[in-house]
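Okay, thanks everyone, let me get the structure up on the screen.

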Amino acid sequence: MTQMKTINKKRIALMASRNPKSEAVYNQLFTTLKDAGFILSSKQPDVVISIGGDGMLLSAFHKYEHLLNTTRFVGVHTGHLGFYTDYRDFEVQELVENLKLDRGAKISYPVLRVVVQFKNGEKISYRALNEATLKRLSKTMVADVMINQVHFEQFRGDGLSVSTPTGSTAYNKSLGGAVLHPTIEALQLAEIASLNNRVYRTLGSSVIIPKKDRIAILPVHNDRYSLSVDNKTYIYDNIEAVGFYLDDTKIHFVATPSHTSFWERVKDAFIGDVET
């Protein structure tokens, strides 16, 4: 009895998207966790439970990214299958029971670090769980692409996207990029509507970059650019360069018996059951 009480001293934060189904699951989880003896608090949580879809999980990640070393995440999806969610809306009791038995096991995925360097020497840094995308606002973007300090190409087109392995199934896939298993610690650089003709030439395909290498995008024109980091977008001018590399810190998910295989998620999301 004493051992169970100690286990349930975990601090748990709940975050839910604004729809009736997610709010109902939130209320059910809140009551069930409280009755089980867990501490429900948004401050310094041991576990963050995201209720909704992948967008909600991204919001939870950015809210608690300063606590990645000490916090683990759990996703409960209330709509379509999400790549960051292990539980369905009708599995609340199963989730709570698994948390009672939890001993701190985790599944870890790489996180992208994005560093914006301005012409005045200032720098701004972000983390991305899925991807970061750079576009020029007014005209075709022209930028030099450096990979590990080697000039790779001069890109012309709508923009460039750098994704993590888990983000490879998101915007990167719609750009024709490859799907990477999250245990492969690498970056992926994908072009957005590149211009390729006799005068201008880029590789024309996505590139897989090992974790030790860094990517730098150097815009040629001094103009306004949009930088999208997961589900947030920032507008900047006077950009000298934008750097991308795998962060030293990873995101950690609670390892449970309900953790869904990555390949099962890919199949369910993009292929489904095919009749033979």
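This is a predicted model: local features need pLDDT of at least 70, side-chain atom pairs count only at pLDDT 80 or more; totals for chains, interfaces and linings use all residues.

Stepping back into the helix itself, H6 covers residues 262-271, and its buried residues are Phe262, Arg265 and Val266. Where do they sit around the axis of H6? They are on the same side of H6, because they cover an arc of only 100° around the axis. As a reminder, an α-helix has 3.6 residues a turn, so residues three or four places apart point the same way.

Okay, next up, a helix pair. H2, residues 20-35, packs with H4, residues 92-101, at an angle of about 35°, and the axes are 10 Å apart. The crossing is right-handed. On the H2 side you've got Val25, Gln28, Leu29, Thr32 and Leu33, and they meet Val92, Gln93, Leu95, Val96 and Leu99 from H4. By type, the residues in that contact come out as seven nonpolar, three polar and no charged.

Last stop, a serine. Ser50 is in strand S3, which runs over residues 47-52. Is Ser50 buried or exposed? Buried, because its relative accessibility is 0%. Its side chain reaches the backbone nitrogen of Leu57 at 3.2 Å. Leaving out residues up to four places away in sequence, Ser50 touches Met15, Met56, Leu57, Ala60, Val74, Gly75 and Val76.

Terms used
Residues are numbered from 1 along each chain as its sequence is written. Side-chain values use heavy atoms; hydrogens and water are left out. Axes are lines fitted to C-alpha atoms, for helices over the stretch in contact, and angles run from 0 to 180 degrees between N-to-C directions. Helices (H or I, at least four residues) and strands (E, at least two) are DSSP runs, numbered from the N terminus. A crossing is left-handed if the near helix is turned anticlockwise from the far one by less than a right angle, and right-handed if clockwise. Contact means heavy atoms within 4.5 Å. Ala, Val, Leu, Ile, Met, Phe, Trp, Tyr, Cys and Pro count as nonpolar, Asp, Glu, Lys and Arg as charged, and the others, Gly among them, as polar. Buried means under 20% relative accessible area, exposed over 50%, partly exposed in between (1.4 Å probe, protein chains only). The arc is that of the directions from the helix axis to the C-beta atoms. A polar contact is a pair of N or O atoms within 3.5 Å; within protein, one must be able to donate a hydrogen and the other to accept it, and residues adjacent in sequence count only if both atoms are side-chain atoms.
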